[in-house]
Every structure is written in C-alpha cells, then in structure tokens.
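Here's a friendly walk through one model. Have a look at the sequence and the 3D view first.

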Amino acid sequence: MEENKKAINETEAVAMLHQFNEDLLPKKFGKIGKAWVALLCAVFLLGVYCYIIQLRRGLVITGMRDFVFWGIYISNFVFFVAISLVGSLVTAILYLLKVSWRAPLTRLSEIIAVAAIIFAGLIIIVDMGRPDRVVNMVLHGRIQSPIIWDVMVVSTYMVLSILLLYFPLLPGISFCRDHLKGIPKWQKRMYTILSLGWKNKPEQYKLVKKAITILSVMIIPVALCIHTVTSWLFASTYRPGWDSTNFGAYFVSGAFLVGSGGVVAGMYLLRRFNPSYEKYLTNTHFDRMGKLLVLLAVVYAYFSINEYLIPAYKMKGEEAHHLHELFTGYYAPMFWSVQFFGMILPIIVLLFKRGRRPFPMFIMAVLVIVCAWFKRYLIVIPSMSFLPVQEIPEAWKHYSPTLMEWAITGGSLAGALLVITFFIRYFPIISVWEVAEEKGVSTDIIYKHLHEGNEK
Amino acid sequence: MEEELNKPGIKTNRKDFLKKGLFAGSVLATGAVGISSLTSCSNNSGKKIKVLTADGKLVEVDSNVIIEAHPCCAAPAKESRKGIPGKKFVMVIDLSRCKHALKCQDACQRYHHLSGMNVWLKVFKMHDAETMAPYWMPKPCLHCDKPPCVKVCPVSATYKRDDGIVLVDNDRCIGCRFCMAACPYSTRSFNWEEPQYLSETKGAVYSPELGFPQKKGTVEKCDFCPDMLRQGKLPHCVTACPNGVFYMGDLNEDSVSNGAETVRFSQLMKDKGGYRLNEILGTEPSVYYLPPVNRLFPFKDVEITKENTEETK
Amino acid sequence: MKAMKNDLPYHKSGIGYRRIFFISIVIGALLLINNFTIAQDAKDSSSLSAGQMGKLSFTMNLSSLVSNGARSVKVQVSRKENKKTVIVNDVRSPFNLYLNEVKAYDASDGTGWIGKLNLNYEGEAVFVIPDDFNKLTAGLHEYTFIVKMDSDPKYEDAEETITIADAKISIVFSGEDSVKSATAILTAWKDSAYIPVPEKELKLCIKRTFNFLLFGEAGALTDSTGQVSGDLPMDLPGNTDGTIIIFGRLEDDETYGTVEGGISVPWAILPKKNPVTGRTLWSSGDNAPLVLVISSVVIIAIIWGTIFYLVSLLIRIKRLGKSP
C-alpha cells in the first residue's frame, strides 16, 4: 500500500487535488434542494408553533398523563442520543483503527452527530414541565442524580463533537473563503471568521492532526458515556423492562447500528443529488459499510436477546406483564416488526454482496433508522403501561401521542435535518485533504497545493 | 405543678412559636382545643389597643384580651427542608378496618385543594390471585427512608427530611418527572395543566408543607400534612377516616394514634403482625400495614364510582 | 386592631374583606340591641325577621377545655344536608365570644365581649383564653360562655351558650423505683373550697405527639375521694431530657366540660434519636457521597482540561496564520 501511494507523482497528485477541490466545493441548492429545505422549514416551524402552545397550556396538550408520564419526547431524545454516537464510531474508532476507507464518511457522520446531539438537548427541554427553571440544574444541581450526569455528559459530547467537526474543516473553510465566487458578503465573512486565518501551513496541519488524535481518543469514552448514562435514566428505576443491568451495552450497540444506518442513508442521498460525489462515495464504501452494519446488527441482536430472553425465562411478576404485552399483547405488532425490519432483515439482506449495492443498502438503512425510532418508543413507553391500574381514567392507560406532540417531535427531527442540510450547502461535506491523504497523495504536496484551487 | 404544663414563656418569635406549638399543642390535641394557639397570644401586658366591639364602639382594651387566630402553621420553603426536630413520623394502616369509604381521600382532596385527577391517596382493591381474598388497601406516599425518588431528583426539589417526611418544593421542581419514574409505588402525580382550584387557594402563600397552590408543570404527592403535624394535629386522612384505619405517630416516642385511640407502635406491630410494602426493594418505607385479618367489615366490591375510573385487576 | 381572621388560616388578609367584616358587625350589633331574642334560637323560624328569610341554618356545638387552669372554648359548626352531617366552613361573619353576658368588655372583672374569630377551613373556631385573662377571672367559679354569630349573607344568625363549673385535676405519685403509681384527683369548687368529685370516669394519660396514651385501668371511676390510680409504664420513651407529661383527664363532662391536669415527671426512657444521615444518595446536593463528588470532579477536570487545551490549539492555529 505504502509503496503504491508513493508512486503517485507530483503532477498527477496536483491534478487530483484540483479535481477534488472542484468536485467537493459546496453547491447551491437545486430545485429539489429548495423544496426539501422549504419542507423542513415548514415542519420545523410547525413544531415551534406547537411548542409555544405547549408553553402556554402545559404538557396537557400531549398524550402523557400520570400513568404514562414519559412519551415520544423522551423516546425521541433517546433516538437522537443514539444516532449521535455515529460521530465517534466513524470518526474516532475507524480513525484509530486506521481503516483506509473512512475519510469520505467522517464529516458526514460528524455533522449527523452534532445535529442530533443539539436536538437531543433541545427535545429534553421540550419535555420539561418547567423549562423556565432549567437554570435550577446549575443552581441546585445534585451530583447524585443521573439527569445531572446526563446533562454534563451530553454537553461535553456536544463540545467534543463540534471540535471534531471543526478541526478537520479548517482547510475546507479557508478554501471556500478564497475560491467560492459570487457569494453574498455575510457568507464570505462567515468563512473568514471561521477559518481562523488558515494559511495551509505545515505547522497548522500538525496542530490539526494532533487535535484530531486527542479528540478521537477522548470522544470514545464520552460517547459511550452519553448513551450509557441515558440508559441509566431508565435502568436506575425499578420498572419492568428498565430495571436491567444489560441496558448500557444494549443502548450503545443499538446506537451504533442506527448511527451507521444514518451515515449510509446520508451517503446514498449525497450521491443521488450530486453525482460528482460518486467518485468519493463509491460502491466499495457501501460494501464496507454494509459489512459493518451486519456486524453491528448482530451485536445488537445479541444484546437484545440478553435483554428479553432471560427475563422471559424467569417471568417475574411485573416483568411478565411487560413481556406479554410486548410479545403477544398490545405492543406485539410493533415489537415484532421492529425486530424483523430493523434487525433481522438487514442482517439477511446485507449478508449478500448484491444486497450491499447502494440502493438496497439505502432501503435497509432507512428501515434501520425508522425501526430504531420505534424501538426507542417500545423501550420507553410500555414500561409505564401496566403497573397497578386502578383509580385512573380509562384514557390514561394507553398512551397515544397527540397531533401536537407529533408535530413538536417532527419539528425536532426536521430541525436536525435542517442543520445537516445547511451544513452541506455551505461547507464541503467531504474532507479534501483527508481523502487526498487516503488516496496516497503525500502530505507535502497537500500542504503545498491544496490551497491553489482550480482556477484555470 | 400546674405551672409545669403551662409555663408558656410566650414570645411572638416565630421559631419559638413552632417549638411551643408542638409542645403544647400535642398535649391535648384531641380534646376540645388545640392548645397551640395559646402560644400565639402576645404577652405584652399593660399595652392598650383599640378594638371595635360588638356594639360598634371603639374601646381601648388590654392587648391580652384579644384572642388571635391560628397563624399559618406551615414552615416556609427553606425551613421545611429541616423537618420537625427529634421526630420520626410513621403511619400505620390497618387493612382489617378499611371498607373503601374513601373519606380519607375526600378529606385529602379537599384540604389540599386537589383537582379531580391528582389523587394523593388512593384506595386499591387488592386481589392478587383468584385463590386469595380481596381487600382494600389505602396507599399514601410511603415516605421511604431510602427514597428512590429523592435519589434521582436533579435539583433537590424533592427531599428527605430528618423527621422522615419526603416533600416536594414546587417552586423548584423543573418537571422532569424522573421521580415519578423512580417511585416504585407510583404515588406521584403531575400538574399537566394549570391547576383547577386556583381561585380557592388564591392568595395562599405557598409552602412545601402545605402542598398548594399547585403549579403547572410540577410534581406533587402526599406530604403527611406537615402543617398539621406542626400544630400537633393528625393528618387529614387520619381524622377523616370513620373506621380508624390510619394511625400516625412518632417512632421515636413509640406511639401512634388514629384519633380515637393511641397505642404503642411496637406493641401494635407485635400484636398484629405489621409489615411494609415491597421490603425487597430496600426503600424502607415509613408506612406500615397491618394485615387484613379479623376484618371489621366483610369485603364488598363497590363499583368505583369516580368518573371514568375502572379497575382491571 | 389585631387581625382576627380565621377564615383560611393560610390566607393573607384582604382589605375589602375586613371592611365587609366591620359593616356586618355594626349591622349585627344593631340588630342585637333592638331585639335580643332574634338570634337566641336560630332554628325557630317563626321568630325570624324578614332579613333571615332564605338563609340556611346550622348547628353550633360548643365545648370547653380547662388544661392546668388554661381555658379554651371551641366552636364547631355543622349542618344536616340530605340527612348527612356536613362541616360548615363558609360562614363569613365572625363568631363573637362573651363571658357571662352579652355586653361590652368589662375590664374590671373580665366579663362581656372577649373576642371574635372567623371559622377556619375545618369549620371550627377555637377561642384560646389568655393566661392573664384567666387570672382576671379567677374569682369566678362558674363560667357561662356565649357565642354569637350574626348578619352572615348565607346563614341565619346563631347563638349558643355553655356553662362550665370550675373543676381541676391534680396528680400525686407513689411507689418504688421500679414501679411507679400515679393518682389523679378530681376536685370541683363547691361553696368555698375545692372538694373531691366521686363517680366520674377519669382517664390517666401520658402526653404523646398527637394525643395521649392511656395507662391504668380502662374506664375507672373516681372513688369517694375523687381519686383514680394506675401504674406507670416504665419503658416508654419520653422527651429528650427523660421526662414525660402525665395528666388526668375528665372528658366532655356535662358540668365541667373537659378538664385536664398534669405534671412532668422524669421517669421516661430517652427517646430514640434520628440517625445522622450523612452523605447519602438521597441527601441534598452539598451532602453527596464523597466518592461520587471526587470521581466526578476528577473526570470533569480531565476532560474539560483537555477541551481547553484543544481550544488553545485553535488559538495557536490562528496565530500561525497571522505570522508570515
């Protein structure tokens, strides 16, 4: 490999760099892009509107009541936290393992992570009965409470993710600053500020690489923490289905699966709407990601079996109620479809080489994501649905989210997608210098020529 | 000798009042009067003040003559975190006497101005297996000594006091509902909307010891009526029960009372085989149950009349 | 004047409220002066004036307590509704208490109008008579308390009287160290001295937080010397100084009302103390377990220290960009 890389001569390499730069400069929205943004904005604003109503009238506008007091806000929070884990997987774990094909995927997974973790923080505030008192967490915080751990670890992860997104982005921003023509003033200004006066100096690259290495090491334990601590919000209670020592590992494995699904879906959509990415996000990338997905799904299946089979063997009082509802009762259709479409079917399809082509991969990835969302619903809600059910109105026994609740939740998902979309619009979604390095262009050539642009 | 009981050393100082109130009030609480109000009388002998008399004249009288009402007995938020010194409150619920009269619940709802759906004290029909005999089980907050709800609160809005009571400060609660998730006994309820009876409690000064006025977006639960305890009075559910199901008392002085009778707690446990709910969880509740043996009433399955309610078990 | 609101005890007083209060007292007083008997028997509808039409009537129940010489009078208000007794707590007008006769306060002997109260939320008003007042009226040996309520917008005027004869209870002790016996003696004022009262059910009580624990024989009647005796339980936790209060109690007597008399004695065992909770998972934030505090501080310091280092790298990158 090393030999091969060195074989690329300078002129070839420079031409390659110029080509990369041309291909990977952010492009303006096309018709579909504009429609997509408009749609997301509409959904997001609807969510904001409904949240204002919720602020006025209280959480009574949701389907939650004393009996089922956590609903899709919380399951959506868990979903966001889960999907944000992918940033650490692709960027950090694959980086440290020196996996050769990861470079074009890093930035995509990192922006997914950042968008998801931001909206995880927001949706948890949406769920609070008194968002006006959020400052109490600082004023009167109790270190004994898992919520405080979660707040600390989520904010730490958010900062680390943003840094891990930002450091490798510096050359890209400065390139946009210097080479994007006909852009509005504010955009130019934004690039100037964000590029921190990047001059493509080898010393600067050294610092960036150092930072990436530190971040990659540090973000892995923090990433495991965010989802483990999130699982502890449930596992630290006595409720059936939550009272589990397996919960941390179960959550983390599920999170890696859904995050990878998110990256695959993102890859496919990028290629679909910008064919020039096809050179960088190749079928090989899909193939490799497919294999990774199978591995992650199998690991997830393993923890799922642990999670359900052993309690089902014991069938302890309340636990039995819970499992009956999931396996054969009210939640059975959702439970089995989620298990099948979100785990078993992807494993089967992706085991075949033909299944790892982009389009089937995309379908599988979407299935994984959608099922993962509903899986979190099944983790959060049924555990509250069948403790002693007396003296409460019939309507409280089964939770079904209200339209407002859906709108707010949908708004948060749209918001996260908007962040990703706008990022793609204004920043290079594939890191040129990392891809070039991976393709064997020597660092000296990169430092020297990366910034030249492709003006002819 | 007579001075012993009565040497009031009365001051208008609030702290002193609280102490004295407990001391004196508890002496004779079930008699005609709670003596606690004695202590609220000022003692500035010789001071003349003007009052309006029944015949419509303004007259000057000695200030001692004027009789004051009870001041509010709930401590303010900060003080309410400490608890009543030296006390360790326990409740005993005698299941053999409960016939689902729901007077306890009515009184609780009324005195705490609770709206229909926020029920602090529930009475469950317990019928765990076909082969067992059904019975009624009132369930307030169990005020655990190792409260899981308090463990998880991120902001100390719910707290355990030295006297055993677990309270909620709805001026601090952020409404995350984690305590509701953590409570294995499902005793907590949430104000999903603006509380209904705001007009009734308008102008009331909130204290965690009162539990009202309720606030939208906060958690609430049974509080053992600490404002009553401060006056040496029994909680509302205890006094409202026509059958003496509830006993309340101080574990440190080994006595509990249901209003009609006062018994030694240890003797009651020994004679009737008291137990606590879900001991296996290690939460160490402050509420003890006496098993439904030698029942006062035959079990009569009443249809729970409350609107929209229904039982499944 | 001192506020005398007993409406909802936890409520702040309102100014408008007080004005209504005054007016109603004035009107009520006028009515009373003109026709004293109007309110005498509120249940007798034939004697009602026009102003009383359409109002509800209630039952006022008076009870008296004398506890070691301290007097109080409790008013409990209830009424029948569909054959059920319900508490009345929404009487807006105050209840006035008079001693011996309905007149203005007489500072020389303490008779006449001595106070007014509003009902509390539990439908009660408790007149606690101050100590100094008790001294003033010590010469009296029969007390007639009259409670009047008038001019309420919802309820008919009402008046109730209770007459209490003077009685007191004292306690004496006998016995060895291990066995203590207490004797309560009930005496009542007759002619010119307190003489023993026989054949009354006298309870021997130990003060507890909410109520009293009985000891001795249940339902014992006083003998010809007015005495009832019982053995004290010696293993009962008392106050923190090892004392307990022991008293005799005559309950709801027709002649004497409720009478109590007692003394504090040093024969209790010490009460259990609440264990020191220390640093636990269920303590407040500043009382968290040290392990938790230290480990979280260390972890946060390491991670955020690194984050600040990374930010410093950003600054260095910027500086490098500026230098030629």
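Predicted model: local features only at pLDDT ≥ 70, side-chain atom pairs only at ≥ 80, totals over all residues.

Residues are numbered from 1 along each chain as its sequence is written, chains are lettered from A and ligands numbered from 1 in the order in which they are written, and side-chain values use heavy atoms, with hydrogens and water left out.

Let's start where chain A meets chain C. The contact (heavy atoms within 4.5 Å) draws 28 residues from chain A and 28 residues from chain C. About 2200 Å² is buried between chain A and chain C, with carbon and sulfur atoms giving 76% of that; buried area is the accessible area (1.4 Å probe) that two parts lose on being put together, summed over both. On the chain A side, A:Q144, A:L196 and A:L207 lose the most area to chain C, together 26% of what that side buries.

How many salt bridges (a side-chain nitrogen of Lys or Arg within 4 Å of a carboxyl oxygen of Asp or Glu) are there between chain A and chain C? The count between chain A and chain C is zero.

| Class, chain A side | Count |
|---|---|
| Nonpolar | 18 residues |
| Polar | five residues |

Helix α6 (residues 103-127) and helix α18 (residues 432-439) of chain A pack at about 155°, their axes 7 Å apart. Axes are lines fitted to C-alpha atoms, for helices over the stretch in contact, and angles run from 0 to 180 degrees between N-to-C directions. Angles over 145 degrees count as roughly antiparallel, so that is the label for α6(A) and α18(A). α6(A) brings A:A103, A:P104, A:T106 and A:R107 to the contact, and α18(A) brings A:E434, A:V435 and A:E438.

Across all chains, the whole structure holds 35 salt bridges. One of them pairs B:R177 with A:D127, the closest N and O atoms being 2.7 Å apart.

Finally, chain B has two backbone details. B:F212 and B:P213 are joined by a cis peptide bond, with omega about 0°. B:S186 has a positive phi of about 50° although it is not a glycine.

Technical notes: Nonpolar A, V, L, I, M, F, W, Y, C, P; charged D, E, K, R; others polar. Helix = DSSP H or I, 4+ residues; strand = E, 2+ residues; numbered from the N terminus. Parallel < 35°, antiparallel > 145°, perpendicular 65-115°, else oblique.
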